[in-house]
Amino acid sequence: MASNYTVTPEEILAISGVNPRRCMKCGRCTATCPAFAEMEYHPHQFVAMVESGRIGELMNSRSIYRCLSCMACIERCPRQVDPARLIEAVRLAVERKQGGNHLIPDQVPERLEPDMPQQLLVSAYRKYTK
Amino acid sequence: MQKIGVFVCHCGTNIAATVDVEAVAEAARHVPGVVYATDYTYMCSQSGQDLIKDAVKKYGLTGVVVCSCSPRMHEKTFRKAVDSVGMNPYLLEIANIREQCSWVHKDKEIGTKKAIALMKAAVAKAELDSPLTAGETPVVKRALVIGGGIAGMQTALDIADAGYDVDIVEKNPTIGGKMAQLDKTFPTLDCSSCIVTPKMVEVGQNEKIHIYSYSEVTNVSGFVGNFKVTIKRKARYVDETKCTGCGLCTEKCPMKKVPNEFNLGLNNRSAVYIPFAQAVPKVATIDPNYCLMLNKGVCGLCSKVCGAGAINYKDTDKEIEVEYGAIVAATGYEIMDVSKYDEYAYSQSPDVVTSLEYERLMNAAGPTGGELLRPSDHKRPKTIVFVQCVGSRECDSTRGGKPYCSKICCMYTAKHAMLTKDHYPDTDIYVFYIDVRTPGKNFDEFYRRAVEQYGVHYIKGAVGKVTPENGKLIVQASDLLMNEQLTIDADMVVLAAAIEPSHSARHLATMLTASMDTNDWFTEAHPKLRPVESPTAGVFLSGVCQGPKDIPETVAQAGAAASKVIGLLSKDKLAGNPCVAHSDEMMCTGCSQCADVCPYGAITYVDKEFRMRDRTTKVRRVAQVNPAVCQGCGACTVTCPSGAMDLNGFSNSEIMAEVDALCR
Ligand SMILES: Cc1cc2nc3c(=O)[nH]c(=O)nc-3n(C[C@H](O)[C@H](O)[C@H](O)COP(=O)(O)OP(=O)(O)OC[C@H]3O[C@@H](n4cnc5c(N)ncnc54)[C@H](O)[C@@H]3O)c2cc1C
Ligand code: SF4
Ligand code: SF4
Ligand code: SF4
Ligand code: SF4
């Protein structure tokens, strides 16, 4: 695990395939986001921070784990900025850095709740494991 | 032996910064046939032109090559200059070393090399140039305006005022356009009907103006000064000359469940209808989709009650052909369909409306008699949320989004907010905006008044979701300045839907051979210097069909288009373009391929007698070009398999000489 691991904005752009400069700061992503209350940096801020190179702060922010990957922001964004893709890219960068898994299959049964949608499990695996 | 002069322009630093202009002039001096070459800062200036004229006289030049900007910019200027000293203007060639060279290169060495190559190609062409003389064609002194909105009406009035006949073709049963549907107008808040209906009457009564309402243009042929236009007069089932507009038929018609397009479907009308009380012409129209008589053969009530005997169930579409000297497109705009924007619940709740629908809901002649009542339960809304930029400024077109700003929405939303507050001061109004764009005389002051005087809540942010619930609209939104997510319980949501060109515009542009941009707005000949002319000679643009505009801008542009038309119609004859195609009858095999490709229908075939070597005669079919119709596009010359078609000024041998020079 390399401790001096850094990620440049260019890498985030390459991973996500998104151009944050297209954002016109309309706020539709943030208006839509169901995880708004849980987030430290909201989707439109996230985009602006990637644009201005503040990747380190984002990597340490809990926002990247609060995003539900519901894709609502992608659906609404009129400029094809697709904030969730950027969030996913930063999260991936953190995982590459840490190298480890954050969700161990054995722990899953005890965390399950009856009305939990299956899709959540799938997206949790995507999100929290390498 | 040709004596050619080469003149290299610096265009300030536009060319000189990337092209070594002196080196180009020096290279020219070594090209065979060139007897004089020089460079100068601004060749298009008076002293630059004098330089060319003096050289023509001093060296007895037989051809001139100017290395400068695009011929679209200054070919005319330089042709005029050489013409003034007795040289045929078609002996002048332009080498475009600006748009096609200095502007696209950064490296001076490469730029210079390319400029020299372009210069040599132009010299090679100039060597083969022959003098051409333009023919003349007469001008038909009548103009056609397509679309009878405020743009078309103003253009027609101005043309008529100068003494020329004008016809308006309007697809709807009445003229007036969108402005007739508006309630009050920004920035002065004067009543729209009060200013537009007198204009409609003026148009209707003007002796020089003829209105073809409920009609469409179905074919256009010909060219500037001499267009031939086919107009389809749709069957109205009411004789325009007999109908007095009394409206008795509309009252008696039993078929009353037809969505009223004038009120955007917010209420119903009868199958026989007059769109609104001030319609011009005030003549009834039977809607063939709903009339019981036309569909089921039973009813005929309107005919029985009509005292003027104007109803004619046997009416059919008719086509007429009219000649015009000039054509003006004034087809305006439509409101984009927002039903794909599910998040705003437009299709789910009748209380989510577009801004134009809101105009009708506020209008005294509208479905609610001017009282603001929401469509679902006819109660007065207490909280209204306005959403800006719905479908505008998007790069994703899957839902019909537009990349452009619709321009008028910021102003009309401020208008709606203030008018609502004027009538019902206790209404809570929220406006969600990305930017408030209000440039224009007294425009920003207007918007600030909404905020400061009327207390309209302007929120920098967006609406993410509208959920209809128990008679309310739950609006989830963002407030970016407060970094908050909000929920508002609203009674109505008003969407500032993007505007888009008339859906018939592209078909019309094809008929007119007028160009359009990727959004289907008509393109102007030059974005700054020729804003009301289309690149097609004799076709002009008026109003929103060229791009989003408010009424003041529309009227200004309408007047400008009229003045261009008047300028054209005031001429008795037009100089034609001598760069037209002609066929070599000895080589033509009459294969028809050129006629198939000619977009202007300029080519016909004649049977001609030819004397053969053995003194017999033979009749052969050969192509002939009508020089008045040919636009010199050159499509036929590249198509002709026998090389019989050639274009004056751009002959096959001239083009090949240019290519040879470039390859050398
Ligand atoms: C909600 C709303 C509020 C507005 N409020 C204001 C305001 O307060 N102040 C202001 O300045 N501006 C306002 N505007 C803008 C204003 O409506 C336009 O600037 C104006 O109507 C443009 O006029 P036009 O003649 O170019 O287009 P239109 O009004 O669209 O007229 C075009 C005409 O051409 C006809 N037509 C179309 N295609 C064809 C065809 N192929 N053949 C024959 N006829 C055809 C149409 O039927 C129509 O009659 C508002 C716009 C909206 C949407
Ligand atoms: S994908 Fe993430 S950021 Fe986007 S709306 Fe859903 S939860 Fe919010
Ligand atoms: S929706 Fe898209 S354009 Fe709007 S603020 Fe979010 S990322 Fe930017
Ligand atoms: S004939 Fe048609 S238009 Fe006339 S009254 Fe009957 S339904 Fe109405
Ligand atoms: S150049 Fe040929 S194809 Fe083009 S307009 Fe003239 S005749 Fe038609």
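The model is predicted, and local features are reported only at pLDDT of at least 70, side-chain atom pairs only at pLDDT 80 or more, while totals for chains, interfaces and linings use all residues. Residues are numbered from 1 along each chain as its sequence is written, chains are lettered from A and ligands numbered from 1 in the order in which they are written, and side-chain values use heavy atoms, with hydrogens and water left out.

**View 1. The contact between chain B and chain A.** The contact, meaning heavy atoms within 4.5 Å, draws 23 residues from chain B and 19 residues from chain A. About 1800 Å² is buried between the two chains, 48% of it on carbon and sulfur atoms, where buried area is the accessible area (1.4 Å probe) that two parts lose on being put together, summed over both. Of the area that chain B buries against chain A, 30% is supplied by B:Cys395, B:Asn483 and B:Gln485, more than by any other three residues.

View 2. One salt bridge is counted between the chains, a salt bridge being a side-chain nitrogen of Lys or Arg within 4 Å of a carboxyl oxygen of Asp or Glu. This pair is A:Arg28 with B:Glu394, whose closest N and O atoms are 3.1 Å apart. On the side of chain B that touches chain A, the elements giving two or more residues are strands E21 (383–390), E24 (463–469), E25 (472–479) and E26 (484–490) of chain B; helices (H or I, at least four residues) and strands (E, at least two) are DSSP runs, numbered from the N terminus. The residues on that side of chain B divide into eight nonpolar, seven polar and eight charged, with Ala, Val, Leu, Ile, Met, Phe, Trp, Tyr, Cys and Pro counted as nonpolar, Asp, Glu, Lys and Arg as charged, and the others, Gly among them, as polar.

**View 3. The surroundings of ligand 1.** Of the 37 residues around ligand 1, those that come nearest are B:Glu170, B:Tyr333, B:Lys415, B:Ser504 and B:Ile551, a residue being near a molecule or strand if one of its heavy atoms lies within 4 Å of it. Oxygen atoms of ligand 1 lie 2.6 Å from a side-chain N or O atom of B:Glu170, 2.7 Å from one of B:Lys415 and 3.2 Å from a polar side-chain atom of B:Asn172.

**View 4. The shell around ligand 2.** Among the 13 residues around ligand 2, A:Cys33, A:Cys67, A:Leu68, A:Cys70 and A:Cys73 come nearest. Helix H6 (72–76) and helix H7 (83–98) of chain A are the elements that give two or more residues to this shell, whose residues divide into twelve nonpolar, one polar and no charged. In the loop between helix H5 (63–66) and H6 of chain A lies A:Met71, which has a positive phi, near 70 degrees, although the residue is not glycine.

View 5. B:Val220 has B:Val229 in E12(B) as its bridge partner, and in the turn, with two residues between the strands, B:Gly225 has a positive phi of about 90 degrees. The side chains of B:Lys228 and B:Glu323 meet in a salt bridge (3.7 Å, N to O). This pair links distant parts of the chain, from strand E12 to strand E17 (residues 318–324) of chain B, 95 residues apart.

**View 6. Cis peptide bonds in chain B.** A cis peptide bond joins B:Phe186 and B:Pro187, with omega about -5 degrees, and B:Pro187 is found in the loop between strand E8 (184–185) and strand E9 (190–191).

Definitions and conventions: Two strands pair if DSSP finds at least two bridges between them. A polar contact is a pair of N or O atoms within 3.5 Å; within protein, one must be able to donate a hydrogen and the other to accept it, and residues adjacent in sequence count only if both atoms are side-chain atoms.
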